[in-house]
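Colleague: Could you take a close look at one part of this model for me, the second of the two chains? I would like to hear how its pieces pack together and where it meets its partner.

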Amino acid sequence: MDCKQASSLMHEYFDDDLTHEQVVELKHHLQGCSVCSARFQELEQTEMVLFSTIRHKALSAPDELVDAIMSKIPNQRRQQAWVG
Amino acid sequence: MVVNHFDTRLVKLARKGDQGAFAELVDLYKDKIFHLAYRMLSNRHEAEDIVQETFLRVYKNWNRYDEKQKFSTWIYRIATNLCIDRLRKRKPNYYLDAEMNDQDGLDGYSLIPGDERTPESEYLLSETQQMIHQAIEGLPAKYKSVIILRYLQEMSLQEIGEILDMPVTTVKTRVHRGREFLRKKLEPKMS
């Protein structure tokens, strides 16, 4: 496996798309290549921070928005009752 | 995201014109859509506009909604498209983005000034969080939407493909490019 292939496998590893055999091959390459090994660690760290810190901060929309939206929706039920 | 039977019921009622059910859908999805729009646009007011516009489109387009599809996929598609439209109207960044395609390398993207941003003092974010948000903000639109759906909304690659109406292979390429972009941006700050 060359470094280019390894790099592409790394991403598939983080997508959870690798077979067991591919994971073993990738590990084998990483053990013998310090450049790829460093890159893998950086990607792993990036992936971790993205998943862990971001989901903590869920933003909320202001409650007034619900009223604002509902006021723009025509009251269909009343119309239906009136027609029917 | 889990298939939600509660959603299905509410959607059925709302489509028939039940306002209470519609209001509940708004309540269930407003924060998620707001969060998505805020991260895409980095602007609170615009994000609020997107939330409103999204629900109005849902209301107006009930006849186009296919009940075999998940409601969440449909509403996210509407919201994401609205955000992408807005980003497109902001000329400079989009121009650069449009010049590139998936076959290109990432190097050109380092030209984008990623640090021109609105202060987020109101949210009192930790340094790490700010760093990540800045990095995401610097992403070109097409990677941004994929990364936000993947990490902020925790969607599967399959679902993202459905929302953005593109093959999963394209979603994957964009996740990979986006992840590389973020790695390069974050790495010097983390070590």
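Modeller: Happy to. Chain B is divided into domain 1 (1–89) and domain 2 (109–191), with bounds that come from an automatic or database domain assignment. A word on conventions: residues are numbered from 1 along each chain as its sequence is written, and chains are lettered from A and ligands numbered from 1 in the order in which they are written. This is a predicted model, so local features need pLDDT of at least 70 and side-chain atom pairs count only at pLDDT 80 or more, while totals for chains, interfaces and linings use all residues.

The secondary structure of chain B comes to nine helices and zero strands; helices (H or I, at least four residues) and strands (E, at least two) are DSSP runs, numbered from the N terminus. Read from that end, the order of elements is α-α-α-α-α-α-α-α-α. Chain B has 191 residues, of which 38% count as buried. Here buried means 20 or more other C-beta atoms within 10 Å of a residue's own, exposed means 12 or fewer, and partly exposed lies in between, with C-beta atoms placed from the backbone. Among contacts between residues at least 6 apart in sequence, 61% join residues at least 24 apart; a contact requires the C-beta atoms, placed from the backbone, to lie within 7 Å.

In chain B, 14 residues of domain 1 are in contact with 15 residues of domain 2. On the domain 1 side, H2 and H4 each supply at least two residues, and H4(B) gives the most, with six. That side divides into six nonpolar, five polar and three charged residues, where Ala, Val, Leu, Ile, Met, Phe, Trp, Tyr, Cys and Pro count as nonpolar, Asp, Glu, Lys and Arg as charged, and the others, Gly among them, as polar.

The axes of H4 (residues 71–89) and H8 (residues 157–164) of chain B come within 8 Å and cross at roughly 60 degrees, which makes H4(B) oblique to H8(B). Axes are lines fitted to C-alpha atoms, for helices over the stretch in contact, and angles run from 0 to 180 degrees between N-to-C directions. Angles under 35 degrees count as roughly parallel, over 145 as roughly antiparallel, 65 to 115 as roughly perpendicular and the rest as oblique. The crossing of H4(B) and H8(B) is right-handed, meaning that the near helix is turned clockwise from the far one by less than a right angle, anticlockwise being left-handed. B:Thr73, B:Tyr76, B:Arg77 and B:Thr80 of H4(B) meet B:Glu159, B:Glu162, B:Ile163 and B:Leu164 of H8(B). These contact residues comprise three nonpolar, two polar and three charged.

As for the partner, 36 residues of chain B are in contact with 30 residues of chain A. Helices H2 (19–41), H3 (44–60), H6 (127–137), H7 (141–152) and H9 (168–190) of chain B each give two or more residues to that side, and H2(B) gives the most, with ten. The chain B side divides into 19 nonpolar, seven polar and ten charged residues.

B:His176 is found in H9 of chain B and counts as buried because it has 21 C-beta neighbours inside 10 Å. B:Asn63 sits in the loop between H3 and H4 of chain B and is exposed, with 6 other C-beta atoms within 10 Å.

Key. Contact = placed C-beta atoms within 7 Å.
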